[in-house]
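This report describes the strand arrangement and selected side-chain contacts of one protein model. Please consult the sequence and the structure shown here alongside the text.

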Amino acid sequence: MSESTIIVERSERVGIIKLNRPRAYNALSGTLINELLDALRSFESDPSIGAIILTGNEKGFCAGADIKEQSELSFIDAYNQDYLKNLNDGFFAVHKPIIGVINGIALGGGCELAMMCDILYAAESATFGQPEITLGTIPGAGGTQRLIRAIGKSKAMHMILTGEMISAKEAEAAGLVAKVLPTEQVFSVALTTASKIASFSAPVVAMAKEAVNEAEELGLKNGLHFESRLYHATFGLEDHAEGFQAFLARPKRVAQWTHK
């Protein structure tokens, strides 16, 4: 039996997915993608999980698409199977926050995979890049669309057209990652953040994530309207009543969320 390409763990209300193809630097084979999406669906449907961490291993986060597999695809093959579209669709379907923990390289599809996460924490050793231009192709899993939204047109264009990488510190300064931490601390800090998020009301967390994500798709007027509707919707939740009652109690108490 072949070894699984991912390792799935949990820590209280946090689901953890570790990419596990160390000899291939966690390259995105078809098998890895399918196992990753299965794990995401499993955590998404599990009410005991409130947040998800996606990370790699000591060799790095992800080197990108599996070049051997990709080299065997013709245009018709790639077009008919919507190559890599299932990866984007799978992440879009997850309402729970996903924190990407990046150590080592996140290149090509690996950088795109990182950008599918909601929050990125990077080790000081992390590097990001879209080197597809050096292989005679372009980013195909969101790189041309998400990178410009994350770091702006000029820097995104520079990375995509030259194939040059940026360091973790540069990624933080550009707004691609939320925090840069020592390698030995990055996972534990991310786990603390994920645990904190998972301790809040699950439907409210999902609404907040949806509202922020829609900000990238909508103009300001429509975005404000969308936010307003979700904000008003929280008023109908049991957790909204509990949160206000806990805040107004004397002495103030910790809210007990029912996720309803």
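## Basis of the description

Two strands are taken to pair if DSSP finds at least two bridges between them. Helices (H or I, at least four residues) and strands (E, at least two) are DSSP runs, numbered from the N terminus.

The model is predicted: local features need pLDDT of at least 70, side-chain atom pairs count only at pLDDT 80 or more, and totals for chains, interfaces and linings use all residues. Residues are numbered from 1 along each chain as its sequence is written, and side-chain values use heavy atoms, with hydrogens and water left out.

## The hairpin and strand β2

Strand β1 (residues 6-11) pairs with β2 in the antiparallel sense, over six bridges. The two strands form a hairpin with two residues between them, and in this turn E12 has a positive phi of about 55°.

Strand β2 (residues 14-19) is mostly covered, with five of its six residues buried; buried means under 20% relative accessible area, exposed over 50% and partly exposed in between (1.4 Å probe, protein chains only). Five bridges link β2 to strand β3 (residues 51-55) in the parallel sense, and V14 stands opposite A51 in β3. Together with helix α1 (residues 30-44), β2 and β3 make a right-handed β-α-β unit. Right-handed here denotes that, with the strands pointing away from the viewer, the path from the first strand over the helix to the second runs clockwise.

G100 stands opposite L120 in β7.

## Contacts of aromatic rings

Rings of Phe, Tyr and Trp (its six-membered ring) pair if their centres lie within 6.5 Å; planes under 30 degrees apart count as stacked, over 60 as edge-to-face and the rest as tilted. By this rule there is one aromatic pair. Y231 and F235 form this edge-to-face pair, at 5.1 Å centre to centre and with 75° between the planes. F235 counts as partly exposed because its relative accessibility is 45%.

K18 lies over the face of F187, at 5.6 Å from the ring centre. The criterion for such a charge is NZ of Lys or CZ of Arg within 6 Å of the ring centre and within 35 degrees of the ring normal.
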